[in-house]
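Please read them with the structure open.

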Amino acid sequence: MQPYDERQDRDCRRNSITAKRAQWLTLPAALALVVAACATPPAAPAQPQVPAATAPPAAAEATQPPAAPQPSGKFTYWGGLIFSDVANQMLVDKITEWGKARGIEVDVVMINQNETQQKVSAAVEAGTMPDALDMGTGLMQLLAKNGQLEPLDDVFKQIGEAHGGWLESAAKSVDPARYGGSVWGIPFGLSGNLINRRHDLLSAKGFNEAPKTWEELGQMAEAVNDPPKVYGMGFALSNVGDGNLTVTMLQTWGGRIADDQGKNCTIDSPETRTFMEWITGLYKKGLFPPGVTTWDGAGDNQAYQAGQAAFIANPGSVYLNLRDNDPELLAATRFSGLPAGPKLQLQPYGPNVRAIPVTSRYKDLAKDLLMYLADDEFMKEYYANAIYGPVLNSQVDFPVFKASPIHVGLLDVAKNGTPPAFPDVDNPAYAEFNANFLIPKMIQRVVVDNVSIEDAIKETQAACQAIYDKYK
Amino acid sequence: MLMARPATLQSPVRASRISLSKRTSLLGYALVAPVVICLLILVVYPFIFGVTISFTNREIGTEGQFVGLANFIYLSKVPSFQKAIVNTIVLVGTVQTMKLVFGLGIALLLNQAIRARQFWRGLILLPWAMPAFVAYLTWKLLYLPQGGAFNIIAVGLGFGNIDFLSRELAMPSVILATFWRGFPFWVISFLAALQSVPQEQYEAAAIDGANAWQRFRHITIPGILPVVLVVVLLSTIWTTNSFENVWLITQGGPSDATMTFPVLAYFGLQTLRIGEAAAVSVAMLPVFVMMAFIGVKLLERNQE
């Protein structure tokens, strides 16, 4: 029998009581943790005043933090990833540099531009939008319509004045008269598709100049078509953004998505029939690579870089890849603007803008950042690595717009290009129509499902009208 | 000192007016409360929210207004929606049947005393362990009509170029990739279930003269049935909701040949009209409810 140990007994009782207390104490603590974890974030801090926000950007600012009270928390920026790692890193570094100069911690998140819409949708609903972000004007338009963006007329004006004014194309991209009475985004680069062609193959067949019309391009493509080695028409006919180049093609044939009021669909037209006969005819002749109806965004890149497409339309990523990895193919490549159709010549530019959500905690700082990023020295180097055309008059004479063939083309797009959607009305219904890829799908119905052109047009007309009716 | 002990111990009990059983119950409720609260916030609330907004014209950043069944009526007229119904049924039905047949077959094989059994069991898990994104992109590369591995082999064997992503072959291609990615879960689950069936039952049946089929039919199947039902139920829900398999290989094309509900809902989000996007997801709800109901009923019957 073991002797009774009083100390052990006391300890045991103490432990027993402590354990019971601990059980009851941990419960409220656990509940508090759960509630805290699930609770909405605390209210945004008061908007800090930053005197520098109204000053034009200058390199010297980077070393002079503002005298205003330092903001607490982190400034978040969502940048749009592009194909150039160097350009992506430059943006991150520049914003980080700005943060240091302003005395605020910054978090730059580079996101896939194909995912921007979905990420923004989730962030708006969750109340977790960044303080500023990059986007296209399609998303800008949709967000502005729903009151989610901060008006930036003052910033737009100041940047324009500091840089010799905005190019007309950039100004039109955010024209308050077209987009709800205010400037909702600050353009920083214009994208545009250029035709990349295999000059080596084409010149061997006697075609030394760029095609002037789409029909001429089709004839040239047919001349060099040599499946399965090379296919003439490397244009996506799938449910991705590249597939919507067919909308531009259709418009050059005189076809229209909707009427001049942007209210009723007008796809069912003789012009659409003529266009459909042309493009499906080329498909049936075997000029399009197999799989083109399911290509993703990199389908044309892969086909061209593998030497299997004679013509593609690309905004510059193929050029960057060839420049770095395949100088031989680059030497055999020529770049030109989009050809004309029977009725029109269109060279749509795709504006990329920086915007500030209404939920931004640091609106003045965000405006200051947008002006900071417009710095000519930074943009000169940025454009040399990115694949954008200029937006400001001070940028037109940057060396890259004379030296690089793709940038020469992008400068031409910026100077002479046509606004997005033109000649159609650029409204939310048009944006939804494009997001549903109805024109590539109309072509797929004929070349994949063997539906007649007439039936495919009627189906598309009905689907289009159903979309436009929602916005009436 | 010894006399003082009972008084010290009894005082808290006397002070409490709640009986021991009630205190135990309260403690139980309090312990599960965090889980219940989390479920309410993370599962029940989003579910009710999703169903609610499917009846509104809500867009991102706006409250929206109640529009009744307008979203569902609009969707019913969209050709892609009708194709999504058929495609989802074809995809899920075929993939699940394949997983069941091959999963069970491979599990039975791996349950035997074969050489390097542990190696094969580990190997079979690889597709399941691989991130879905990587797995489906790899399949896409294999299927590519130009430069794809399958086509290089096909051309080498003299079959010529095959478009694995054509209208006729796109769905079978997606089905094969989805099956490949998902079947290890079935194999491992079935294998675990097979190992829990008492060996004595097989020995007794063998002594009684039961042949292999009879042992499989009357011992193996009843022994693993609860696991099979749970796996079928879970995997069917996962496969119906799977997005990457279709999106990364075909984006729903060509011409909606592989359009499924999750891909259609994703397209809905492109235009910020979350009311409509939610309606696509809610349209799948009756199917899930039915599947869950059947699964639970079968499990209950099996337990009885």
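How many residues of domain 1 of chain A are in contact with how many residues of domain 2 of chain A? The first point answers this.

1. **Domain contact.** 12 residues of domain 1 of chain A are in contact with 10 residues of domain 2 of chain A. Two residues are in contact if their C-beta atoms, placed from the backbone, lie within 7 Å. Helix α17 (residues 405–416) of chain A gives the most to the domain 1 side, with seven residues. By class, that side has six nonpolar, five polar and one charged. Ala, Val, Leu, Ile, Met, Phe, Trp, Tyr, Cys and Pro count as nonpolar; Asp, Glu, Lys and Arg count as charged; the others, Gly among them, count as polar.

2. **Ground rules.** This is a predicted model, where local features need pLDDT of at least 70, side-chain atom pairs count only at pLDDT 80 or more, and totals for chains, interfaces and linings use all residues. Residues are numbered from 1 along each chain as its sequence is written, while chains are lettered from A and ligands numbered from 1 in the order in which they are written.

3. **Domain bounds.** Domain 1 of chain A covers 51–63 + 70–191 + 350–416, and domain 2 covers 194–347 + 436–470. These bounds come from an automatic or database domain assignment. The centres of the two domains, taken over C-alpha atoms, are 30 Å apart.

4. **Chain A overall.** Chain A has 20 helices and nine strands. Helices (H or I, at least four residues) and strands (E, at least two) are DSSP runs, numbered from the N terminus. Of its 472 residues, 48% are buried. Buried means that 20 or more other C-beta atoms lie within 10 Å of the residue's own, with C-beta atoms placed from the backbone. Among contacts in chain A with a separation of 6 or more, 76% join residues 24 or more positions apart.

5. **The sheet.** Five strands of chain A form an open sheet with mixed pairing, in the order β2-β1-β3-β9-β4. β2 (105–112) and β4 (186–192) stand at the edges, each with a single partner strand, so one side of each has no neighbour in the sheet. Direction ignored, neighbouring strands are turned by 20° against each other on average. Strands β1 (residues 74–81) and β3 (residues 132–136) of chain A pair in the parallel sense over two bridges. Two strands pair if DSSP finds at least two bridges between them. A:Tyr77 has A:Ala132 of β3(A) as its bridge partner.

6. **Helix α19(A).** Is this helix buried or exposed? 10 of the 10 residues of α19(A) are buried, so it is largely enclosed by the rest of the structure. Among them are A:Lys441, A:Gln444 and A:Arg445. The cover over the buried residues includes α9 (245–252), α10 (270–284), α18 and α20 of chain A.

7. **The chain A–chain B contact.** 43 residues of chain A are in contact with 38 residues of chain B. On the chain A side, α1 (6–38), α3 (116–126), α4 (137–145), α18 (428–435), α19 (438–447) and α20 (453–470) each supply at least two residues. α1(A) gives the most, with eight residues. The chain A side has 19 nonpolar, 15 polar and nine charged residues.

Terms used. A residue is buried if 20 or more other C-beta atoms lie within 10 Å of its own, exposed if 12 or fewer, and partly exposed in between; C-beta atoms are placed from the backbone. Axes are lines fitted to C-alpha atoms, for helices over the stretch in contact, and angles run from 0 to 180 degrees between N-to-C directions.
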